[in-house]
Every structure is written in structure tokens, then in C-alpha cells.
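Please look over the structure shown here before reading on.

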Amino acid sequence: MVKALNQALFQEMERDADVLVLGEDVGVDGGVFRVTDDLQRTFGSQRVIDSPLAEAAIIGTAVGMALYGLKPVCEIQFSGFAFQCFHQIENHCARYRMRSQGRFHIPIVIRMPYGGGVRALEHHSESEEQFYAHIPGLKMVIPSGPRNARALLAAAIRDPDPVIFFEAKSLYHAAKEEVPDESEVIPIGRAQVAREGDALTLVAYGAMLRVALEAADVLRDEDGAAVEVIDLLTVSPLDRETLVTSVKKTGRTVVVHEAPKSFGPGAEIAASIMDGAFLSLEAPIRRVTAHDVPFVGFAREKANVPDVPRVVAAARETLAF
Amino acid sequence: MPRPFALPDLGEGLTEAEIVKVLVNEGDVLAEDAPLLEVETDKATVEIPSPFAGRVARIHVQPGQSVKVGDVLVTFEDSAGVASGRGGGAGGGPAGFGTPLAGEPSPSPRREPSEASNVGPPSAASPVASSGQGAGPAAANVTARAGSGRAPAPTGAGSPQVPPSARASMAPTGETAASSVGPVPATPATRRLARELGVDLRAVRATGAGGRVTDDDVRSAAGGAQPGTTAPVADGRAPERVAVAKPLAVVGVEPPPLPRFEQWGPVARQPLSHLRRTIAERMTLSATLIPHVTHFDRADITELDAIIRRNIEPARERGITLTLTSFLLKAAALSLREHPQFNASLDPGAGELIVKRYYHLGVAVAAERGLIVPVIRDVDGKPLVELQRELAALAQRVREGKATLDDLRGGTFTITNIGALGGTGAIPIINYPEVAILGVARGREEPVVHEGRIVPRMLLPISLTFDHRVADGADGARFAAAIVRRLERPEQLLLEW
């Protein structure tokens with residue numbers, strides 16, 4: 001997936017001279033995960049900027065660039081470091097269009113690696129998409145594989161408004177997929193049905209999509225249950241229509257995410273399904289999530305991040321309800 | 001307080017059973033409706049489900065042992081701290097509904113069942129008056145609740161996901177959910193199905209996990225006989241059937257929400273007693289399902305009244321207080337024989353009229369707690385004196401709250417005599433699932449043109465309410481006339497006794 005993201009940046013920077021990249025170690029080093037590899041050599045240090053170790057400065061500068069008409073793509077090394085720039089994101093990125101009554105908009109992309117599964121240290125494994133999804137004025141995008149990562153990053157860069165772009169660390173090198181040469185764009189705000197079924201709807205995104213698909217395999221092989229898997233791709237704005245259409249068919253839902261359960265995306269997803277498909281529900285909507293604790297150290301990581309057995313168990317309870 | 005579970009009345013007049021198998025061990029934690037015991041009566045082997053969720057403290061019986069109705073079989077440990085009350089009370093304990101997922105450690109400690117009741121709304125946690133009690137507990141529950149009056153949700157993280165009120169009162173399998181407090185447990189999809197089929201969930205027999213009404217329950221309620229209601233015929237004979245029948249269409253209405261009465265002044269919410277609720281449900285059922293029509297008539301009972309007066313003393317010497325009611329019973333039963341469609345029940349699901357070849361007549365008795373209708377069996381074949389004696393005994397049992405279930409069921413037709421309280425007439429509601437009911441007001445002397453002269457005569461106003469699906473106005477008039485004729489010519493009763 002790293003290569004696919006790198007290709008998206010290449011293609012977009014070639015397509016549009018206003019696109020530029022800034023962040024810690026993105027230039028000479030090519031980024032902490034090598035997503036920006038070779039960009040500086042190709043586009044120069046005026047368009048691929050090594051910033052100081054100051055997240056607030058990265059986003060603050062980028063807001064200024066965006067107001068000036070540029071299209072900065074910022075990299076935060078780990079999403080756990082983003083609170084240093086949360087003020088710039090919430091107070092400025094998200095608000096400029098409203099504040100200026102539409103005169104200004106902020107075409108900015110903020111990329112951050114997120115999530116567990118790579119046994120990293122504290123502040124390196126969090127899944128905190130709910131903070132951004134909750135802020136009006138931001139879009140929150142999380143791809144689940146190389147091909148949709150490339151297409152969504154292209155869409156995010158072309159979007160006229162700020163997009164928070166989460167990249168699952170566990171997919172950076174593990175996820176491999178053939179990607180066509182031509183540039184592709186997936187519209188933001190639209191979920192995809194990753195697998196069709198009529199017994200239960202599994203909702204997932206990012207790294208959890210693979211967990212959901214594997215759980216669906218188990219349920220198909222061991223329970224004979226045709227599970228529909230929905231890949232959100234965009235957490236916010238939420239594609240309620242796709243969710244409701246699916247649940248009207250299945251009547252049962254399990255939501256999987258790496259963020260802690262309480263007040264997480266699963267709650268909003270469940271509420272939206274109840275709004276739209278209440279009379280089709282055969283069972284309470286279940287959530288399989290990380291626990292309501294700060295992200296645990298790597299030794300306990302496996303107990304915290306949802307895995308296939310937990311998803312299968314929740315799905316079976318829901319199917320048997 | 002440990003909760004004992006006694007052998008319930010298994011119906012069909014059975015008073016004794018033999019324990020075949022004990023399906024649980026002391027210390028087991030059971031979900032509500034989990035299989036508990038297998039007992040054998042002289043009719044069948046029956047599995048008795050656990051009436052509540054909780055831990056089995058003691059098992060008092062062993063296989064091979066004979067037990068009587070009312071014997072304690074199993075004692076459950078102190079749990080939700082609420083009375084069980086078949087159908088009326090609040091059970092409790094998280095029964096497989098809000099349990100955390102397997103392998104998912106709950107962030108907060110799991111609640112023990114004993115704690116669960118603490119978060120319940122007051123109405124669910126206190127026992128609803130059982131049939132043996134008056135308004136005591138009900139009065140204690142009178143609370144002037146502000147706001148919408150809905151039960152508050154349980155508080156605290158990790159608490160069961162459903163308020164105890166929704167789960168607590170799940171009726172044991174085989175009872176309708178109608179006796180529950182709060183909404184009937186059913187998934188939204190089942191609710192939609194019920195709405196589409198016009199089925200009232202409260203009248204549906206719940207067979208699902210935790211007392212839930214399932215899609216199948218709704219479908220069978222819509223399609224006719226509910227599972228389990230087709231109780232075996234007492235003597236095993238199949239009902240007579242002349243032709244194949246089709247179900248009638250089912251109609252239903254959802255009651256609209258009530259306004260917030262608090263906005264106009266203070267109110268108190270008083271939980272209905274078990275009996276009151278039963279009456280309310282049966283009246284709603286009857287008035288909703290049956291198109292009622294009432295025929296009025298007056299019987300000249302001058303002669304009958306004279307006969308009764310003349311015989312009061314002789315009857316008293318035989319230990320009997322002679323009343324008009326026994327004559328009414330006799331006149332009605334004999335008239336029913338001529339008009340069998342009024343001694344019947346409509347089976348809309350099957351599209352059949354079930355005509356009963358027995359004449360068990362109910363007599364409405366105003367007990368202190370509410371209206372109760374004890375049943376006198378085989379009224380047509382019994383001497384008047386015997387009827388009078390049975391009637392007195394039954395009425396006394398009812399007033400003392402000692403009537404048995406068998407005293408109260410099996411009726412085919414009902415008589416309600418409101419004469420004692422005055423009035424000139426009333427329109428009674430049919431005692432569902434019967435077809436007709438006879439209302440009798442106070443007999444009065446009135447000036448009447450009798451054989452060309454105005455004379456004082458004793459007139460008895462009667463009102464016959466019947467199911468217009470089963471009979472038409474002319475049928476009702478003829479049936480009422482048959483009763484009137486017997487009351488007006490008591491010597492005719494003599495011939496038929």
C-alpha cells in the first residue's frame with residue numbers, strides 16, 4: 001500500500017503544480033514509512049518540504065498555503081502526534097469555509113498512519129478517527145487496501161475541503177494488490193459492498209476490513225451464513241444509504257472498528273441504521289471494537305484490537321438472536 | 001429472599017404429577033424458560049421451564065416422587081428480589097440478552113443478578129398485586145411521576161442493554177405477553193410483521209428466547225390458532241366438523257399515544273391490579289374483536305315473582321335462598337339448546353363456529369376486587385335447587401377469593417344481573433370468546449295493559465348482547481324471546497325440568 005500511496009502523490013503532483021507535500025522527514029528521507037520516497041528528488045525542495053519537528057507549524061503553514069491557493073498534502077508521522085496540531089485542524093482547517101462565508105476554502109490533505117497490529121510504542125497505535133469524524137467541516141477517509149488507497153488519496157487531494165486521511169500501518173507493507181497504471185479516483189463519501197450476502201451485515205473500514213472478510217469466510221464455511229461486508233472507505237460523511245440498504249436486506253448488523261467502543265464510529269453507524277432500517281432489525285446491533293482503555297502496550301495489543309474470533313462470536317450471537 | 005417454585009396448576013383438572021427427570025443441579029444458574037423438570041401426569045409428560053432466571057439453591061424433589069399442585073419443587077437463590085408472579089410480577093436477571101460477547105472482557109465488572117434489580121424502575125421492581133391481594137401493593141406504587149412517565153433506563157456502564165422492565169416481566173413460555181409490564185418483547189422486524197398482519201402483540205403467545213414474540217408466533221396468531229392454545233380436548237374426542245374452512249381476515253388497531261396529562265394538573269399513576277388488568281385486556285379483546293349488537297326486551301315475571309315469594313320459606317328450610325338468578329340460568333340454558341349458535345365460539349382463524357354440546361353458564365359476580373365470572377356446569381340438566389345451591393357456594397368462594405381456576409373457566413354463555421344496583425338497563429360486553437351475554441336489570445312493578453285492563457305487573461328488563469358475526473338481529477330476537485317466554489310462563493319450565 002505504501003507504493004500505491006506514493007504513486008498517487010506522484011500522479012497528483014504531476015497533474016497539478018499547486019500540489020505540494022510537507023511534513024517531518026518527507027523530503028530527503030522519503031517519510032517515516034517511505035510513502036513520500038523519491039518525491040523531493042523529482043519535484044524539488046520547493047514542493048516537497050522537510051518541516052521542523054512541530055506538528056502545529058506543519059498544519060498552520062499549510063492553512064496559509066491553502067488560503068494562498070496551494071494544495072498542501074501534510075504528513076503527520078503518527079496519528080498519536082496529531083494533538084499538537086489539533087487546534088489548527090479544528091479551529092482553522094475545519095472552519096475557514098464557514099468563517100469566511102464561502103469566500104475561502106482549505107484544500108488540504110492531512111495524512112496520518114493509524115492503528116495497531118505492528119507492535120509499536122505508546123502514541124503509535126491509536127485509532128482515533130472519531131475525533132475527526134465528529135468535527136463538522138472535515139472529511140475522514142480510511143482506505144482498506146492499495147488500490148482504493150491510491151484512488152481515495154487522489155480524490156482527497158482534488159477535494160476542495162480539508163480531508164483527514166488515515167493509513168493503516170498494518171496494511172503499509174502487508175497489503176498487496178495489482179494497481180492499474182492509469183490514475184483512478186473513488187468519490188469520497190461513498191461506501192462499497194466488499195462482499196454480498198443476506199444473513200448479516202458486517203461494517204468495517206481500514207485494517208478491520210480484512211478481519212471482517214476473514215470472519216465472513218469462517219461464517220460461510222462453518223455456519224453457512226452469507227455475510228455482507230461493507231467497506232466504509234469514508235467514515236465521515238457517512239454513507240448511510242448503503243448501510244441502510246444492506247441492513248434492510250439482512251436485518252442484522254455487526255460493526256467492527258479499532259477505535260474504543262464508547263462514542264466511537266460504531267455508535268453513529270448503529271444509530272443511523274436504526275434511523276433508516278428500524279423496522280427491519282432482527283437483532284440488536286453489535287459492535288466489536290477496541291476496549292475503552294488507552295491503547296495498550298504492544299504486549300497486549302492482540303487482546304485489544306478486534307480479531308477474527310471476536311467478530312465471528314459477535315456475528316453468531318447476532319445471527320442466533 | 002429465596003424464591004420457591006411450586007408445581008403450577010397444569011390444567012385439565014390435574015392435581016398430581018410424578019417427577020420423571022430433574023434437568024438441573026443445585027448451584028446451576030438458569031436462564032428464564034430453561035428446562036427445569038420433566039413431570040408425568042396421567043395425560044402426558046410435560047417439561048416445566050424455569051419461571052425465572054437465577055441460581056438453583058435447592059431441589060426438593062427426586063425422580064419417581066409424586067407431587068401435588070402447590071408443592072415446592074425448587075428454590076431459587078435470592079436474586080432480583082422481586083416476586084415472580086406468573087405473568088404479573090417482575091422476573092429479573094440478565095437472561096442471555098445483554099451478556100458480553102464471548103472472550104470480550106467487559107470494561108466494568110459484570111452485574112450480578114442481585115444488582116440488576118436496583119437499576120430497575122420502581123414499577124418493575126415491585127410485585128404487581130397478585131390475584132390474592134387487594135390494592136395494597138398497588139397503592140404503595142402510586143407515584144406522581146413528572147415527565148413522560150416512561151421507565152427510566154438503567155444507569156451505569158456495563159449494565160444490561162435492555163431496561164429490566166422490558167425483560168423482567170417476560171411471561172413463562174406458553175403465556176401471552178399481555179400480562180407483562182411495558183412493551184411486549186419483540187424485535188423491530190417482528191413488530192413490523194405484526195403491524196402488517198394486524199396482530200396485537202399483547203395477545204400473541206410468546207415462544208421465543210427470553211419470552212420474546214417471534215415472527216412465527218405472529219404468523220400463527222394471524223393465521224388462526226396460536227401455538228399451544230389448541231389444548232387437547234378434555235375427553236379426546238375430535239370436534240364435529242362438517243366442512244373445510246378458511247380463516248377470516250384479521251383486523252387490528254394500535255392505540256394512539258396518550259397526551260401528557262401532567263401539563264394540565266397533577267396526576268398519579270396507579271398500577272392496575274392483576275385482576276383489573278385481566279378484565280381490561282379481556283374487555284378490550286372482546287370489544288375490539290367482536291362486532292357487538294344488543295337486543296332489548298322485557299319479561300313479565302309477575303307469576304314467576306309470586307312463585308319465588310311463595311317458595312322462599314320452603315326453600316330456606318332446605319338451606320337454600322331462592323333467587324331469580326337460578327330461574328334465569330335455567331331459562332337461558334334451555335333456550336340455548338333451541339338456539340345453539342349462541343352456545344358457541346367463533347374460530348376466525350379456521351373460519352368455523354365451534355358449537356358446544358354442553359351448557360356451562362357463567363354468572364358475573366361483583367367481588368370487592370372486581371368482576372369475576374364463575375361457571376356452573378351442565379345447567380340444562382340440573383334441578384333448580386341444585387343450581388341455586390351451587391350458585392351460592394360459587395359466589396361465596398369468589399367473594400372470599402378462594403375460587404379455583406376450574407371454577408372460572410369453561411363457560412359457554414354468561415348472565416350478568418345488575419338488578420341489585422338499580423338502573424333501567426345496561427349493554428353488557430360479551431365474555432370473550434363466548435358468543436352472547438344476557439344482561440338483566442332490576443324488575444319493577446309497572447302499569448301495564450294486561451287482558452284489556454291497566455294493572456300493575458312486574459317487568460324485568462333484559463338485554464341480550466351477541467356477536468353479530470355469528471348471528472343476525474332476527475336470531476337474537478328469537479333467542480331473547482325464548483328466554484322471555486320461559487320467564488313469563490314458569491309452568492313451562494316445570495315441563496322441561
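**A sheet and its helices**

Strand 8 (residues 200-204) of chain A and strand 11 (residues 253-260) of chain A run parallel and are joined by three bridges. One pairing to find on screen is that of Val203(A), whose bridge partner in strand 11 of chain A is Val255(A). The model is a predicted one.

These two strands belong to an open sheet of five strands in chain A, with the order 7-9-8-11-12 and mixed pairing. Strand 7 (192-195) and strand 12 (286-290) of chain A each have a single partner strand and stand at the edges, so one side of each has no neighbour in the sheet. From one strand to the next, the twist averages 25°.

A helix also belongs in this picture. Helix 11 (residues 265-277) of chain A lies across strand 8, strand 11 and strand 12 of chain A. Relative to strand 11 of chain A, helix 11 of chain A runs at about 155°.

Next comes a pair of helices. Helix 9 (residues 208-223) of chain A packs against helix 13 (residues 308-320) of chain A at an angle of about 55°, and their axes are 9 Å apart. Because angles between 35 and 65 degrees are classed as oblique, helix 9 of chain A is oblique to helix 13 of chain A. Their crossing is right-handed.

Which residues of helix 9 of chain A meet helix 13 of chain A? They are Val211(A), Ala212(A), Glu214(A), Ala215(A), Val218(A), Leu219(A) and Asp223(A). On helix 13 of chain A, they meet Val308(A), Val311(A), Val312(A), Ala315(A) and Arg316(A). The residues of this contact divide into nine nonpolar, three charged and no polar.

Note on methods
Residues numbered from 1 in each chain as written. Chains lettered and ligands numbered in written order. Predicted model: local features only at pLDDT ≥ 70, side-chain atom pairs only at ≥ 80, totals over all residues. Pairing = 2+ DSSP bridges. Helix = DSSP H or I, 4+ residues; strand = E, 2+ residues; numbered from the N terminus. Axes fitted to C-alpha atoms, helices over the stretch in contact; angles between N-to-C directions. Contact = placed C-beta atoms within 7 Å. Parallel < 35°, antiparallel > 145°, perpendicular 65-115°, else oblique. Left-handed = near helix turned anticlockwise from the far one by under 90°. Nonpolar A, V, L, I, M, F, W, Y, C, P; charged D, E, K, R; others polar.
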